[in-house]
Amino acid sequence: MAIIGIDLGTTNSLACIYRGGRVERIPNELGEYKTSSAVSVLGDGTVLVGAAAKERLVSHPEATAASFKIWMGTEKALTLGGRVFKPEELSALVLRQLLEDARRYLGEAVEEAVISVPAYFNDDQRCATKLAAQLAGLNVKRLINEPSAAALYHRYSTQTGDCQLMIVDFGGGTLDVSIVECFENIIEITAIAGDNHLGGDDIDRAIAAHFCQENGLTEERLDPTLRASLYRQAETAKIALSSAPAASIFLQQGEKRYSLVLTSGLLRQLCAPVFQKVRKVITRAMKDRERGGRIHDVILVGGSAQLPVFGDFLEELFGRRPHVAAAPDEIVALGVGLCAGIKERAEDLQDLVMTDVCPFSLGVSTCSYVGDKTPHMAVLIPRSSMLPASHQERFVTLQDNQQGLRFEIYQGEGYFASENLKLGEVVVRVPPGPAGEQSALVTFTYDIDGILHVSAKSSGGDYRDRLILNPKLRLTDEGKARAMERIRQIQLAAQGTQRNQLLLERGLRLYEQTTGRLRNLTGQLVGYWKWVMSQGGLIEQQRNYERVKEQMDWLEAQAEADPLEEDFWYDEGEDKAFFEGLEGEEEDEL
């Protein structure tokens, strides 16, 4: 039985395994390593996960969801195709698809998984991730911070000398910054900072908002399909600027056509508010590190980190160009795969040591005087403490003849306890006596797996200890069984159908985006492919797949071209040639 590593990303997810002395990426059914973190419900209740689901964001926005990772650990509910899902349930479906792909590829059962999370995920979000894994049928004992995983693989693969690095992980929905000390075979995370709601999606939103402003549109009033198309084009244009001086965005609403030319200069202007937030996170990480010293290199990971404008911004900030890591959008997954190998006690990884730090401060609420209505937090384990960490502190009674001490346990950086996330509480009895005479010694122990153990021993001998498990997301065995059964009953798209379904969903999305003659051609091609999928045998599907894909590529190119700049239309008499080479009984009707 295998242990795998999973990078459960906002935009894409990827599974890896360590075997044969190296980390292997696990391909999905399409032969691709990255699976889009998107879920869509078909009319018959079947669920699509991955690229085909992402295509349906445009054609069926009411039945499709993506970027739901940003809602992990909250009470938000998303309705897809008339069914209500929690973010952890949608993540469970993504994990279940990765698990099935891993079983198929490895040819064996998967015993356990290590999953990466943003370094700045709080306890609610980490518990939601573990719950998602349980619902998917995965045993997960270890979560690892994404930049820590990236640092581990970077050090392992490059074998650089002793140094201090900054890892900037800028993904689709989250930003994490870590300071990493590398010495011989030891990789020590010395400080982390992050923002769980800052990433490439924010840049897409800024582009979309500017498009609407320039064209006199109100984004909230756009048809959901048009809005989804706008966001897709914003993302495509943003990426295109990595290799082109400009990219165009178009929207067709009735007879009106709206457009915007996006340049690197304009993109940098639109990114300015986002980059200012990035600067604050970097500053916080630099201030939190215990040891000073020179940062030898800045390593960029994550899909959004590859944007040239982001590199330009950091170059201005640091005075030198940062390095984009090899495979920047896969390095976290590769690092998690390496962690799986360490957990499996792979012989060639036994000397590799990695430490991590506590992302948030941990403490208890305390009052300064009798009648204090706004308790503050007494920090026992400060943020950026190396894990495992343990600390104890003594607290005394405030009132005469007080019979107990109640310690509410919090996570966060706010001065007042109410500003932070409550994790639980511990109560101990104390003998009656004058104020300040009786006390309790409170001990916090936080381990490498993110599990907090709290104990309190009173001066009267009463002793309480407990593992702090998130009360909001902890399920009873019965509740967990019901939730797992609900997820298990959801039928994922059958194995072997993903490639064909992806081609169909792509055609449906293009049909939604186009008009006139291009839409007619798309509709005919979609109709033909639907017939092949339902009536044609496997041989016929295989024969026609590449030809239909070529035609779909051509249609996509026309849909994205600017008619004011490109002379791409051919004579109407040549329409029939568009379908040459397609086989099947429906061919003559086209």
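Is serine 384 buried or exposed? At 5% relative accessibility, serine 384 counts as buried, where buried means under 20% relative accessible area, exposed means over 50%, and partly exposed lies in between, with a 1.4 Å probe and protein chains only.

## Basis of the report

This is a predicted model, in which local features need pLDDT of at least 70 and side-chain atom pairs count only at pLDDT 80 or more, while totals for chains, interfaces and linings use all residues. Residues are numbered from 1 along each chain as its sequence is written, and side-chain values use heavy atoms, with hydrogens and water left out.

## Backbone features in the loops

Serine 384 lies in the loop between strand S21 (376-381) and S22; helices (H or I, at least four residues) and strands (E, at least two) are DSSP runs, numbered from the N terminus. Most residues other than glycine have a negative phi, and most peptide bonds are trans. Serine 384, although it is not a glycine, has a positive phi of about 70 degrees. Arginine 345 also has a positive phi, of about 60 degrees, and is not a glycine. Its place is in the loop between helix H9 (331-343) and strand S19 (353-357), and arginine 345 is exposed, with a relative accessible area of 69%.

The peptide bond from leucine 387 to proline 388 is cis, with omega near -5 degrees. Proline 388 itself belongs to the loop between strand S22 (386-387) and strand S23 (389-396).

## Helix H5 and its surroundings

Helix H5 (residues 200-214) has 15 residues and spans 21 Å from its first C-alpha to its last, close to the 21 Å expected at 1.5 Å a residue, the expected span being 1.5 Å times one less than the number of residues. Among its buried residues are Gly200, Ile203, Ile207, Ala208, Phe211 and Cys212, and the buried residues also include Asp201, Asp202, Asp204 and His210.

The cover over the buried residues of H5 includes strand S12 (163-170), helix H6 (224-240), strand S15 (246-253), strand S16 (256-263) and helix H7 (264-288); contact here means heavy atoms within 4.5 Å. H5 is followed by glycine 216, whose phi is positive, near 65 degrees.

## Helices H11 and H12

Helix H12 (residues 516-535) has 20 residues and reaches 28 Å from its first C-alpha to its last, which is close to the 28 Å expected at 1.5 Å a residue. In H12, the residues Leu518, Leu521, Thr522, Leu525, Val526, Tyr528, Trp529, Trp531 and Val532 are buried, and what covers them includes helix H11 (498-513) and helix H13 (538-560).

Leucine 503 is found in helix H11 and counts as buried at 3% relative accessibility. Leaving aside residues up to four places away in sequence, leucine 503 touches Trp529, Tyr545, Val548, Lys549 and Met552. Leucine 503 and serine 455 are 48 residues apart in sequence, and their C-alpha atoms are 57 Å apart in space.

## Serine 365 in strand S20

Serine 365 lies in strand S20 (residues 362-366) and is buried, with a relative accessible area of 13%. Not counting residues up to four places away in sequence, serine 365 touches Pro375, His376, Met377, Glu408, Tyr410 and Ala417.

A disulfide is a covalent bond between the sulfur atoms of two cysteines. With a disulfide taken as a pair of cysteine sulfur atoms within 2.5 Å, a search of the whole structure finds 0 disulfides.

The sulfur of cysteine 182 is 4.4 Å from the closest cysteine sulfur, in cysteine 163, and this is too far for a bond. Cysteine 182 is buried, with a relative accessible area of 2%. For cysteine 358, the closest cysteine sulfur is that of cysteine 127, at 14 Å, again too far for a bond, and cysteine 358 counts as buried at 1% relative accessibility.

## Cavities

A cavity is a set of points, on a 1 Å grid over the protein atoms alone, where a 1.4 Å probe fits but cannot get out, and its lining residues have an atom within 4 Å of a point. Grid points are joined across faces, edges and corners, and a volume is the space filled by probe spheres set on the points. By this rule there are 3 cavities of 30 Å³ or more.

The largest cavity has a volume of about 90 Å³. Of the 15 residues that line the largest cavity, Leu8, Gly9, Lys69, Met72 and Ser91 are the closest to its centre. Helix H2 (87-106) and strand S10 (110-117) each supply at least two residues of this lining. By class, the lining of the largest cavity has 7 nonpolar, 7 polar and 1 charged residues, where Ala, Val, Leu, Ile, Met, Phe, Trp, Tyr, Cys and Pro count as nonpolar, Asp, Glu, Lys and Arg as charged, and the others, Gly among them, as polar.

Methods
1 Å grid on protein atoms, 1.4 Å probe; cavity = no way out; pocket = protein on both sides within 12 Å on 5 of 7 lines; lining within 4 Å.
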